[in-house]
Structure formats: structure tokens, C-alpha cells
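Dear colleague,

Please find the structure below, handed over for your own use. My notes on it come directly after.

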Amino acid sequence: MRRWLMLASYLGLALTAPAGWAVSADAVLEWSRRVELSVPVPGVIAEVQVEAGDRVKRNQVLLTLDDAPFRAAVTQAQALLTLRKSEYRETERDLKQAQELYARTVLSTVDFENAQNKHTRAQASQLSASAALDEARWRLRVSAIRAPYDGMVIQRQAQPGQTVAVELKPQTLLVFAAADEYIARARLPAESIAAIAAGQAASVTVAGEKFPAKVKQVGFEPVTRSEEAKPQYEVAVVFTTPKNLRAGLRVTIDIP
């Protein structure tokens, strides 16, 4: 028992006897499911509907680009598809007639093959036009950013009139995180982490208030690389609360 207490003192952890490992460690608070949102198409921002700190629902529109060029592209693609469908139906009729004439030996083999090739090209053109319409509709759809899940806007880095370029790397326009869900990350030595498993019950204490939690992830690779230091592994504990907490807070996690 004395050895366990000495180890606890050295590591700054609260450890009970081996039969009932109880781990207490300092941790850092982070947003859960934090994501940087952008648009995959270039354009000019027309409207930003949220501010940092706003809570939003899944699929709620957060930002929109000027959609005029995207709607025009959809209209143009629809017109082209209509034309290609008409051409395909025409070649289909011509091919059917050519087949009948060829069967009666009225049409030469070369002319029959030309009708087949023309029909094949028309079919390919129709498929290409259909794909172009799908892409135009996709570009229109992604010209707006919608909330991927219920959450809160953490940062706003966009303003109406701002030009968005995506040639090299999409610009981060909004930073978003899951609503009421937080992660506390701690670093523990191998001796402590061995008895911890994902899904295990835990608790997180923030400014003296304790919240029920669950172990989300247990690291398998050390996060410390120094040869002189003992290797440590990351443990992530997730919990929920409607209170507005801030990332970076020092908290305490307890794992029975």
C-alpha cells in the first residue's frame, strides 16, 4: 500500500489499492466535435446569419454565398440536358428506322453503323449533361453552410461582401462545436491507464462542480516523446451540461 501512495504522490494522482483503481488527474477542457466550416465553391458572401455564441439547430442555415451564379448554372445545365434528351430521342428513332432498313438489306452496313455510332454519342452526351446538372445543383446546395448538428458557433470569421477563394485550401468561415457537450483531456502514465477502458464511468469537476461523464478514448501511443520523461498517454472524458463553459479551462477528472 505504501508503494501505491508513493506512486500517487509522485504522479500527482489519487490512487487507491490495486483492487479498486481510482484515478484523479488534472485535465484541459475542449469542445466536443469541434469543426471548422467552409464552402467548397468560390463566391461572395451574401449573408452571415449567426454570431459567435449563438446556439443553432441541425441543418439551420448559418451562412450563404450570393447564389445568382449558381442558380444561373443550374438553369443552363437544365437547358442543355433538355437539348441532349431531344437529340437522343431523334437518334433513337433514326436507329430504329436504320435497323428496319438494314434488315431488308436496303441500308448499307456503313450507314447502319453510322446510325449506331450517332445514337451512342447522343446517349453519352445526354449522360454528360445529366451529370453537369447534378454538379450544378450540388454547387448551389453547398453555397450555403448549414449546421451539421445541434451546436454552438464558436468563432465567426466571415463578413458579407467577403470573397471566398478555394483554389488552394477552403477558407475557415465559421468554427462550430456540439451543443452542451465537452471533452476533458488528461495525460496519464502507463501504470494508471492500464485499468481504464472506453465507455467507463467517470466524472469531471469544473470550478468545484462535478458532472457525470464517460471515458471516450484511451490513447495507445505516448504523447510525450522525451527519453528522460516517463511516457504518458491521453485519456479523453466526455460529459454534457447546458452551462456555457469555455475551452482551455483546467478541470479534474475522476475515474473509479
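The notes below cover the strands, the salt bridges, a charged surface patch and the backbone angles.

This is a predicted model, in which local features need pLDDT of at least 70 and side-chain atom pairs count only at pLDDT 80 or more, while totals for chains, interfaces and linings use all residues. Residues are numbered from 1 along each chain as its sequence is written, and side-chain values use heavy atoms, with hydrogens and water left out.

**Strands and sheet**

Helices and strands are DSSP runs numbered from the N terminus (helices: H or I, at least four residues; strands: E, at least two). Two strands are taken to pair if DSSP finds at least two bridges between them.

An open sheet is formed by four strands in the order S2-S9-S7-S4, with antiparallel pairing. Its edge strands, S2 (35-37) and S4 (55-56), each pair on one side only. S4 and S7 run antiparallel and are joined by two bridges; Val56 has Gly151 in S7 as its bridge partner. Strand S7 spans residues 151-156 and also holds Gln155. The C-alpha atoms of Gln155 and Phe176 are 7.2 Å apart in space, although 21 residues separate the two in sequence.

S11 and S12 form a hairpin with two residues between them. S12 also pairs with strand S13 (residues 232-240), again in the antiparallel sense, over five bridges. There, Ala213 stands opposite Phe239 in S13.

**Salt bridges**

Side chains of opposite charge can pair when their charged atoms come close. A salt bridge here is a side-chain nitrogen of Lys or Arg within 4 Å of a carboxyl oxygen of Asp or Glu. The whole structure contains 10 salt bridges. For accessibility, buried means under 20% relative accessible area, exposed means over 50%, and partly exposed lies in between (1.4 Å probe, protein chains only).

Asp67 and Arg71 form one of these salt bridges, with the closest N and O atoms 2.8 Å apart. Asp67 is partly exposed, at a relative accessible area of 27%, and Arg71 is also partly exposed, at 46%.

A salt bridge also joins the side chains of Glu191 and Lys230, at 2.9 Å from N to O. This pair links distant parts of the chain: Glu191 is in helix H4 (residues 190-193), whereas Lys230 is in the loop between S12 and S13, 39 residues apart. Glu191 counts as partly exposed at 32% relative accessibility, and Lys230 does so at 36%.

In the salt bridge between Lys243 and Glu209, the closest N and O atoms are 2.5 Å apart. Lys243 lies in the loop between S13 and strand S14 (250-255) and Glu209 in strand S12, so the pair ties together parts that are 34 residues apart in sequence. Lys243 is partly exposed, with a relative accessible area of 39%, and Glu209 is partly exposed at 32%.

**Positive surface patch**

Lys85, Arg89, Arg93 and Arg137 form a positive surface patch. Patches are made of residues with over 30% relative accessible area and no salt bridge, like charges being joined within 9 Å and nonpolar side chains (Val, Leu, Ile, Met, Phe, Trp, Tyr) within 5 Å. Lys and Arg count as positive and Asp and Glu as negative, with His and the chain ends not counted. Helix H2 (residues 68-103) gives the most to the patch, with three residues. Arg89 has its place in helix H2 and is partly exposed, with a relative accessible area of 44%.

**Positive phi values**

Which residue between H2 and helix H3 (109-141) is found in the loop? It is Thr105, whose phi is near 60°, a positive value in a residue other than glycine. Thr105 is exposed, with a relative accessible area of 70%.

Ala207, in the loop between S11 and S12, likewise has a positive phi, near 50°. Ala207 counts as exposed at 83% relative accessibility.

With kind regards

Technical notes: Accessible areas come from the Shrake-Rupley method with a 1.4 Å probe; for residues, only the protein chains shown count as cover. The place of a charge is taken as NZ of Lys, CZ of Arg, CG of Asp or CD of Glu.
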